[in-house]
Structures are given as C-alpha cells and as structure tokens.
Number of protein chains: 2
Amino acid sequence: MITRKADQKKSVRENMRGGNEYVQFTHLSAELPEKARIFDILTLIPGASIGYHVHEGETELFYFMEGTGRVQDDDQVVEISAGDCMATFSGHGHSVENTGNTDLKLLAVIIKD
Amino acid sequence: MITRKADQKKSVRENMRGGNEYVQFTHLSAELPEKARIFDILTLIPGASIGYHVHEGETELFYFMEGTGRVQDDDQVVEISAGDCMATFSGHGHSVENTGNTDLKLLAVIIKD
C-alpha cells in the first residue's frame with residue numbers, strides 16, 4: 001500500500017522524554033506490520049531535544065537525514081550529522097539534541113523483539 | 001551503537017529480481033535486531049529497476065527520499081516521488097523503476113513477522 005506524502009499524518013510531542021521544545025512526527029505509513037511500532041520522520045527545531053530514555057523489548061533505529069546534533073548512546077556522548085545511523089537495542093538508552101542552526105531530521109523505526 | 005556514514009558498507013546487485021541495470025545498497029547500521037533483515041538506502045540510477053517479487057513472512061517498508069519512479073503495488077501501477085511511502089506486507093508483491101533523470105533513492109527496512 002502507498003501512503004502519499006500529502007496524506008501522511010503528523011503529530012507533535014512537547015518536552016519529549018523531558019527534552020526541550022517539541023518534536024514533530026510525520027507518520028510515513030498508514031499501516032505498519034505487527035512487529036513495527038513506528039516508521040516516522042522526527043523533526044527537531046534548533047534547540048529541541050528528546051531526553052534520555054531506555055528501550056525495553058524493542059530496538060530503535062535512527063537514520064539522520066538533515067542537520068547536526070548530539071546524541072547520548074548509553075554512557076557515550078557523540079556529535080552526529082546527516083548520513084549517520086544509530087541503533088538502540090533492547091536494554092539500551094539514548095537521547096538526541098539539535099545543536100545546529102537548522103532543523104534536525106531523522107527517520108526512526110522501532111522494531112519489537 | 002553509532003555507525004558513521006563513512007563506515008557504512010555498500011554493495012551492488014545487478015539485475016535485481018530481473019530488473020534493469022543495478023541497485024546500490026548502503027547498509028546503514030553495522031548491526032540489526034533479530035526481527036530486521038535490512039535497514040538500507042537503495043540507489044537506482046536512471047533506468048534502473050527492481051523486478052516484481054512477493055514477500056513472504058516479512059514486510060518491507062520503503063520511504064522514497066529523492067527522485068521519481070514507478071512502482072507496482074500488487075496489481076496497481078503508481079507513479080511515486082520524494083516523500084511517498086510504500087508498505088509491502090507478507091503475501092504481497094512490488095517492483096520499483098526509476099523513471100526520472102536523476103537517481104532514485106529510497107530507504108528500505110524489512111521486518112520479519
């Protein structure tokens with residue numbers, strides 16, 4: 001099934017996981033398989049962040065599409081930019097912060113164990 | 001875990017599923033969870049295609065990042081462009097063809113049932 005760009009639903013989460021500002025979600029597919037929880041583009045304006053949190057029973061994959069940021073990957077803090085990828089497996093944690101002057105856009109998919 | 005753009009492995013498949021030319025794969029993450037089979041960017045040069053094939057026991061999600069193309073979605077043929085999404089669930093089939101003058105780039109993830 002095709003979901004056109006114009007038909008993709010959007011939503012906003014304020015102070016996500018204790019982070020700053022808000023995150024805009026674009027839900028790419030109108031339907032997902034049972035083992036997927038999201039297949040979304042997340043847009044963080046400059047200064048926006050998603051606070052540190054741990055995933056249990058699922059893995060989240062991030063593909064950074066545009067912008068620059070800083071992530072925490074368990075206990076490591078790393079600068080990221082477009083083209084980089086981050087995998088957060090079950091039992092591991094992460095946070096994301098837009099440290100640039102432009103939007104930070106990433107594609108996120110969550111796959112249940 | 002972070003996989004830097006510069007460290008992402010690439011591979012090429014010629015005449016994929018009976019299609020034209022070749023498809024370049026960029027394997028975004030050095031490791032995947034058990035329920036994921038690929039998390040890749042696929043690049044099709046103008047004229048390249050992936051022939052029609054059916055997925056069984058898994059779902060493939062495509063997010064079209066750049067370019068224009070034509071897909072077959074079961075028995076429907078549809079023109080797609082950047083921002084569109086395609087979900088091919090277990091028991092369903094698809095094909096992809098780059099009909100434009102520039103590369104067609106899509107992000108693909110396969111999630112096992």
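Q: Before comparing the two chains, how are copies superposed here?
A: Copies are fitted by least squares on the C-alpha atoms of residues with pLDDT of at least 70 in both. In this predicted model, a rotation of 180° with 0.0 Å of shift along its axis places chain A on chain B, with an RMSD of 0.0 Å. That is the relation of a two-fold axis. The same surface serves both copies, as 100% of the contact residues of chain A recur in chain B; contact means heavy atoms within 4.5 Å.

Q: Which conventions should I keep in mind?
A: Residues are numbered from 1 along each chain as its sequence is written, and chains are lettered from A in the order in which they are written. Local features need pLDDT of at least 70, side-chain atom pairs count only at pLDDT 80 or more, totals for chains, interfaces and linings use all residues, and side-chain values use heavy atoms, leaving out hydrogens and water.

Q: What counts as a pocket, and how much space lies in the largest pocket?
A: On a 1 Å grid over the protein atoms alone, a pocket is an open set of points where a 1.4 Å probe fits, with protein on both sides within 12 Å along at least five of seven lines; lining residues have an atom within 4 Å of a point. A volume is the space filled by probe spheres set on the points, which are joined across faces, edges and corners. The largest pocket holds about 530 Å³. Of its 29 lining residues, the closest to the centre are Tyr63(A), Met65(A), Tyr63(B), Met65(B) and Glu66(B).

Q: Which element supplies the largest share of that lining?
A: Strands are DSSP runs of E, at least two residues long, numbered from the N terminus. Here β6(A) gives the largest share, 4 residues.

Q: What about the second largest pocket?
A: About 200 Å³ of space lies there. It is lined by 15 residues, and the closest to its centre are Arg13(A), Met16(A), Phe25(A), Ile38(A) and Ile110(A). The largest share of this lining, 3 residues, comes from β4(A).

Q: Is Cys85(A) buried or exposed?
A: Buried means under 20% relative accessible area, exposed over 50%, and partly exposed in between, with a 1.4 Å probe and protein chains only. Cys85(A) is buried, at 1%, and Cys85(B) is buried too, at 0%.
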